[in-house]
Amino acid sequence: MTTMDLIGKVMQAVVGLAAFGVAMALLLAFLDRPDDKPLLKGFAALKRGMRPRLIIIGAFALIAILARLLYGAVPWMTQGMTNLLIIVGLAGIGVVLLQWALDRLLQPAPPAVRSAVLRGIGAVLAIVVAIVAQSAESVPALDWITPALAVSGLIVALPLAGALVLTAGIAFVRQPIRRNARLLVWLVAAAAVVVITLVLESQRDEPIGVWTWAAAAALSVIGVLGYLADRDEDSKPMLVFLMPAAVLLTIGLVYPAIRTALLAFTDKTGTFNGLDNFIWMFSQREALITLGNTIAWVILVPLVSTAVGLAYAVFIDKSRGEKVYKMLVFMPMAISFVGAGIIWKFMYSYRGAEQEQIGLVNQLIVMVGGEPQQILQNSPWNTLALIIVMIWIQTGFAMVVLSAAIKGVPTEQLEAAEIDGANPWQRFRNVTVPGIRSSLVVVVTTISIATLKVFDIVRTMTAGNFDTSVVANEMYTQAFRSGEPGRGAALALILFIMVLPIVVYNIRVLNQQKAIR
Amino acid sequence: MTSAAVTPDSEITSETAEAALGGGRFDRVKKRLTSPWATLAAIVIALLWTIPTFGLFLSSFRPADQIATTGWWTFFTDPQLTLDNYGEVLFSGSSSSPQLGEYFVNSLLISIPGTLIPLVLASLAAYAFAWVKFKGSSTLFVIVFALQIVPLQMALIPLLQLFVTFLQPFQNALHEAIPFISDKQFLPVWIAHTIFGLPLAIFLLHNFISEIPREVIEAARVDGAGHGQIFFRIILPLAMPAIASFGIFQFLWVWNDLLVALVFSSGTPDTAPLTQRLAELAGSRGEDWERLTAGAFVSLIVPLLVFFGLQRYFVRGLLAGSAKG
């Protein structure tokens, strides 16, 4: 690693976090702001006078001018960097001027007019972006825009501009109609993006890519959130609070989950092939073993780790050094699955019978007079060996949760049972267990979900060879190693269906709690 | 209890309960329910759970030829220790050795933004769900909760396609503008960790933020505070302990993650984290125990330090919150 590499990496982190901070500050500037916070004070000062604006404009201009002057004069000022800095400088000046104009000219105007003007400007900007994207090929500064991206820009910008203009017009309509009409406009815009994409894609040779789909999703999110926020003045800030998370989740989880569900019905080339992937899954020997292994995992891991965790929690309850006991068993939770994989690979390591063993498990086998075993290669016991690793990790979690639940069982009940002559086992069976039932259920479901998704342990220890693969690992292998995204998606879908009952159950619990609260 | 126990976060609450019950009004004569046999069983379990880690730890300090030929338990009869293994995995310049130092830096640079960004976004969203009234709030919240359990495997392929079509051109442009920033960057990994961490973070922080007494917030509102002021002046300070303790967990998850790294990082020393390199080593050099043992401990050291060093902050943080609530 050279020093330059290191500087580059650290710079990524610093620039990335700084950009995130600026974006957040801009977003929060829409809220009412406490004036004593230094950063926000800057925004407040902008509202008052001309001078701070002039200083900021000067600073941005300086950046742009310096970049132009240094270009060619010093070797490290590349063309790309010059372009970037000039664009930043011009954009900064533009934003400050725009803010001034809005503040000066629109302050006394009613909210509807302000909203309409802002939307109008947004529409103009969207069209300008689209036009600029079209001319990307001839402008050297924009050569990073690929043709697909330029087309996407156009497909998205036109419905977006249309929606902005329409909603600007709607700003003057009275309330309930306005809300509904705006929602309708945004959804129509999203649909328009989808339709245009589909039409254009059928005419082009190369695919447009997924960017327009994400934009359609974002447009719908904007519409729905705006609809929800527009109910009264008080709920508007929710847009600011919720927008980043909602957009990220839609683009990053909702949309991909739907895409994967569709992908599961396509083959290598992306054409629809019905249920072939599922037929493959339930007819191939390897795939069937994978499914069987997953079922073994999801039965054994939750049961054993909950049982051991519960026993341990009961045994150490109120004993001296309880904290240390807890820490020892909880420690595997802090270790990565990869680390745990290596630890246990070492435990299971194998040497021929004539050599000295270096793995503890084989040493113990030899000590009681057995032959050393290739533990990770002999099916089906190797799956059990991997399951033990997961149990080793999850027991700590079960133990800590159940220990807390046990302490919540009223002492009076236990004492009453003792006076009635119940022995420790009866007290445990009839008082403690009913008292911690809900926590038990929660522990079992949580561990089941974690087990269904298990990937790292199998990957590190056997890479899924020797009949040890599980669904999550097989999905990765098919999608990213064998170039069969359709099969990978089908496996992911199976995983989702396996988790589904647990999701439904958890939502029910959540609703019950809401009702109680 | 149950609401928190749905999530891996529960050890926090349990510690709280333990401290409250053990140290507070229930501080009566300690009465054991179980026998010496139970204590013995507990010691056996504790030993079983500790020995694997201990064996690896001890081995990482033994000379390479000894690790390969004798079991680590022979250390007690023939003690020999060395730091060579660590020197080799961390700093060695030869191409065949792991050179984990570089990957260690990558892990740090992935984990820190991968923790901060979701925390900020999640606390904003959690506040909106808890205290901004809008229609459909509870439906949206249930959707977010359900997302938490959707296997992240389902999101990988389309998200990767999104990144390749949209993020990659941007990254190339940045690389061209500033040449010593590699065109293989951390950005996709950060975004992926942010997205995958958000549902759980929103759910947990919402649980905590919604328990802040209504009177406090209504008093502020009567005094003329808007949502921005309430968030910065009241919610953030009061929820800071919960935010901090969730931050620690998110850090551990991101640091320990392998799948997201495999899919979204480049796999080269430019961006790959420790876990990825270790998994590679375990696969290709399965019998180089002197490297694997030391390498594994290099990757364990940060989570273990965080876990042992910050353990009490979990307790203190949640106690502070619950005492006021």
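**Confidence, chain A.** I started with chain A of this predicted model: its mean pLDDT (the predictor's confidence in each residue, from 0 to 100) is 78, and 85% of its residues reach 70 or more. I then went through its elements (DSSP runs numbered from the N terminus, helices being H or I of at least four residues and strands E of at least two).

**Ground rules.** Local features need pLDDT of at least 70 and side-chain atom pairs count only at pLDDT 80 or more, while totals for chains, interfaces and linings use all residues. Side-chain values use heavy atoms, with hydrogens and water left out, residues are numbered from 1 along each chain as its sequence is written, and chains are lettered from A and ligands numbered from 1 in the order written.

**Confidence, chain B.** For chain B I got a mean pLDDT of 74, with 80% of residues at 70 or more. Confidence is lowest in helix 1 (residues 2-5) of chain B, mean 37, and highest in helix 6 (residues 100-131) of chain B, at 88. Two stretches of chain B I flagged as below 50: residues 1-33, with 77 contacts beyond near neighbours in sequence, and residues 315-325, with 15 such contacts.

**Annotated spans.** The unreviewed UniProt entry puts "transmembrane region" on residues 37-58, 103-128, 140-167, 187-209, 230-255 and 292-310 of chain B; such annotations may be inferred rather than shown by experiment. I checked residues 103-128 of chain B: 100% helix, 0% strand, end C-alpha atoms 38 Å apart. Residues 230-255 of chain B are also 100% helix and 0% strand, and there the end C-alpha atoms are 33 Å apart.

**Interface.** I counted 145 residues of chain B in contact with 136 residues of chain A. The buried area (accessible area, 1.4 Å probe, lost on putting two parts together, summed over both) is about 12500 Å², and carbon and sulfur atoms give 75% of that.

**Salt bridges.** How many salt bridges are there between chain B and chain A? I found 1, taking a side-chain nitrogen of Lys or Arg within 4 Å of a carboxyl oxygen of Asp or Glu. The crossing pair is Glu102(B), in helix 6 of chain B, with Lys9(A), in helix 1 (residues 3-28) of chain A. I read 3.8 Å, N to O, for Lys9(A) and Glu102(B).

Terms used: Contact = heavy atoms within 4.5 Å.
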